[in-house]
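Hi there,

Here is the structure I promised to pass on to you.

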Amino acid sequence: MSRAGKYPIEIKNGVTVDITDTAVIVKGPKGEVKVPLNTKNATLVDIKQENNSIVVTPKDAEEKTCRAMWGTMARNIKAAVKGVTEGYSKSMYMNGVGYKASVKGNIFTLIVGFSHDVVMEIPAGLTVTIGETPTEFTISGIDKNLLGQFADKIHKIRKVDPYKAKGIFYKDEYIRRKEGKKK
């Protein structure tokens, strides 16, 4: 049984939920998030709105894929409800000589030790703000999946070097340092 799926998802004040055949559309004070239901997901779980909550149930509780999709869909809908009310953010920083970030409009530019600047377009629905120093920045938005994918894309541009601790880090990331060669 899914521990995540068996609890009903509470709909907060100011949030409306529309359940269609192709998506669950969650609208709130910060915007709108669509949780897609492809044909496979729609045949594995039932999604119903009861009173002030959403209940996700598997169509066949004995089948493993139904139980897996039960918890996944429940968590995706819960993340959408939280996103339109509170929003999500990820803080990141860079460590290295000459590393810095800048934002102009929807263009995010990173200088991370390559022979060229890394220029990225910020996806619609996300915002990037530079912190106190040009090596710190925060990505924020209402779609948890989109935010995580964009942050991971940035993180992979310059992976962390465990010897010199250079690269792009998440604020809460722990890097296990390695000792260099001994004489």
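Asparagine 51 counts as exposed, at 81% relative accessibility (exposed means over 50% relative accessible area, buried under 20%, and partly exposed in between, with a 1.4 Å probe and protein chains only). Before I go on, this is a predicted model: local features need pLDDT of at least 70, side-chain atom pairs count only at pLDDT 80 or more, and totals for chains, interfaces and linings use all residues. Residues are numbered from 1 along each chain as its sequence is written, and side-chain values use heavy atoms, leaving out hydrogens and water.

Asparagine 51 sits in the loop between strand S5 (45-50) and strand S6 (53-58); helices (H or I, at least four residues) and strands (E, at least two) are DSSP runs, numbered from the N terminus. Its phi is near 55 degrees, a positive value in a residue other than glycine. Most residues other than glycine have a negative phi.

Alanine 165 also has a positive phi, near 60 degrees. This alanine is in the loop between H3 and strand S13 (167-170), and at 11% relative accessibility alanine 165 is buried.

Histidine 155 belongs to helix H3 (residues 144-155) and is buried, with a relative accessible area of 13%. Beyond its neighbours within four places in sequence, histidine 155 is in contact (heavy atoms within 4.5 Å) with residues including Met92, Phe169 and Glu173.

Among the buried residues of H2 are Trp70, Ile77 and Val84.

Best wishes
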